[in-house]
Amino acid sequence: FSEPIVIRAGMAIDNDGGIRDPGQAERIRRQRDPHHQTETSLRYRNGGSLDPTTVPYIVVPKRQKGLLGDLAVVSYRGKSIAAVVGDCGPRYGEASVALADALGVNSHGVTGGVESAVTYVIYPRSGQSRPADENTLKQLLAANERPLLADASARLPGTMLAQR
């Protein structure tokens, strides 16, 4: 892997994207998140957006949009998960509902998230700029999760990165 970008920040919840499950879509709608959008910056080849309830993704600042599709490791309180750079926003420190849920963070679009203690390790040029579809993206994450976690742990000893 290339030299990673490491960010330590909080985690706000990004529920942007194409939510396929009607029950999940209604749950997100009831949260009344004023910033919710139906599209993500990273799109599948057919133009569809990522589903924030099923895809673990992170947000990077708009000036870093060249990272879209790249792989990352996100860690919080001894848990780590592989993710994709899936959206652009004003700053680092946002993650999808699926990613927050996997790390045990409150995933409510308005009241969820955490103030600090999240480590984001992003690997430039490691992913696909436009994945074919969600299954292909999830296969890419699954195939790379162990090597990503091992690399991040070796580069950042003592940062509470957990091996899966």
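Helices (H or I, at least four residues) and strands (E, at least two) are DSSP runs, numbered from the N terminus.

**Figure 1. Overall fold of the predicted model.** The protein has three helices and six strands. Their order along the sequence is β-α-β-β-β-β-α-β-α. The radius of gyration is 14 Å, close to the 15 Å that the globule rule gives for 164 residues, so the protein is as compact as a globular protein of that length. The C-alpha trace spans about 40 × 35 × 30 Å along its principal axes.

**Figure 2. Packing and surface of the protein.** Of the 164 residues, 54% are buried. Take the contacts between residues at least 6 apart in sequence: 78% of them join residues at least 24 apart. The accessible surface comes to about 7,800 Å². Carbon and sulfur atoms account for 48% of that surface.

**Figure 3. Asp 51 in its loop.** Asp 51 sits in the loop between α1 (22-30) and β2 (57-61). Its relative accessible area is 2%. Buried means under 20%, so Asp 51 counts as buried.

**Figure 4. Polar partners and neighbours of Asp 51.** The side chain of Asp 51 makes a polar contact with the side chain of Thr 53, at 2.6 Å. A polar atom of the Asp 51 side chain also lies 3.2 Å from the backbone nitrogen of Arg 20. Leaving aside residues up to four places away in sequence, Asp 51 touches Gly 18, Ile 19, Arg 20 and Glu 134.

Methods
Residues are numbered from 1 along each chain as its sequence is written. This is a predicted model: local features need pLDDT of at least 70, side-chain atom pairs count only at pLDDT 80 or more; totals for chains, interfaces and linings use all residues. Side-chain values use heavy atoms; hydrogens and water are left out. The radius of gyration is taken over C-alpha atoms; the globule rule is 2.2 Å times the number of residues to the power 0.38. Buried means under 20% relative accessible area, exposed over 50%, partly exposed in between (1.4 Å probe, protein chains only). Contact means heavy atoms within 4.5 Å. Accessible areas come from the Shrake-Rupley method with a 1.4 Å probe; for residues, only the protein chains shown count as cover. A polar contact is a pair of N or O atoms within 3.5 Å; within protein, one must be able to donate a hydrogen and the other to accept it, and residues adjacent in sequence count only if both atoms are side-chain atoms.
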